[in-house]
Amino acid sequence: MLAYIAAGVFAFALLLDLFDENLGAPDLFNFPTLVLIGLLCLALYLAGVGRGPGTAGGGGRWRGRRPGRG
């Protein structure tokens, strides 16, 4: 989910940069700030934040036959 948010932030930053807009708040919605927000979301996603329980690090239930059990 955080990867989708990061992609949306990057797309929004690209559009603001292409159309040279600042939305009336040049210190809040500038290009470097939006890029840093997008990079933060990507870093959190790669660190495993935002994943559901049991999806990070194996474990969980086995599906199908276990290897070595005949």
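Student: Is leucine 44 buried, partly exposed or exposed, and at what relative accessible area?
Tutor: This is a predicted model, in which local features need pLDDT of at least 70, side-chain atom pairs count only at pLDDT 80 or more, and totals for chains, interfaces and linings use all residues. Residues are numbered from 1 along each chain as its sequence is written, and side-chain values use heavy atoms, with hydrogens and water left out. Buried means under 20% relative accessible area, exposed over 50%, and partly exposed in between (1.4 Å probe, protein chains only). Leucine 44 is therefore partly exposed, its relative accessible area being 32%.

Student: Which residues does leucine 44 touch, not counting those up to four places away in sequence?
Tutor: Leucine 44 lies in helix H2, where helices (H or I, at least four residues) and strands (E, at least two) are DSSP runs numbered from the N terminus. Leucine 2 is 42 residues from leucine 44 in sequence, yet their C-alpha atoms are 7.3 Å apart. With contact meaning heavy atoms within 4.5 Å, leucine 44 touches Leu2 and Val49.

Student: Are H1 and H2 roughly parallel or roughly antiparallel to each other?
Tutor: The axes of H1 (residues 2-18) and H2 (residues 31-47) come within 8 Å and cross at roughly 165 degrees. Axes are lines fitted to C-alpha atoms, for helices over the stretch in contact, and angles run from 0 to 180 degrees between N-to-C directions. Angles under 35 degrees count as roughly parallel, over 145 as roughly antiparallel, 65 to 115 as roughly perpendicular and the rest as oblique. H1 and H2 are therefore roughly antiparallel.

Student: What is the class make-up of the contact of H1 with H2?
Tutor: Residues making the contact include Phe10 and Asp17 of H1 and Gly38 and Tyr45 of H2. Ala, Val, Leu, Ile, Met, Phe, Trp, Tyr, Cys and Pro count as nonpolar, Asp, Glu, Lys and Arg as charged, and the others, Gly among them, as polar. The contact has 19 nonpolar, one polar and one charged residues.

Student: What is phi of aspartate 20?
Tutor: Aspartate 20 sits in the loop between H1 and H2, and its 71% relative accessibility makes it exposed. Most residues other than glycine have a negative phi. Aspartate 20 has a positive phi, near 55 degrees.

Student: How many helices and strands does the protein chain have?
Tutor: Of its 70 residues, 11% count as buried. The chain has two helices and zero strands.
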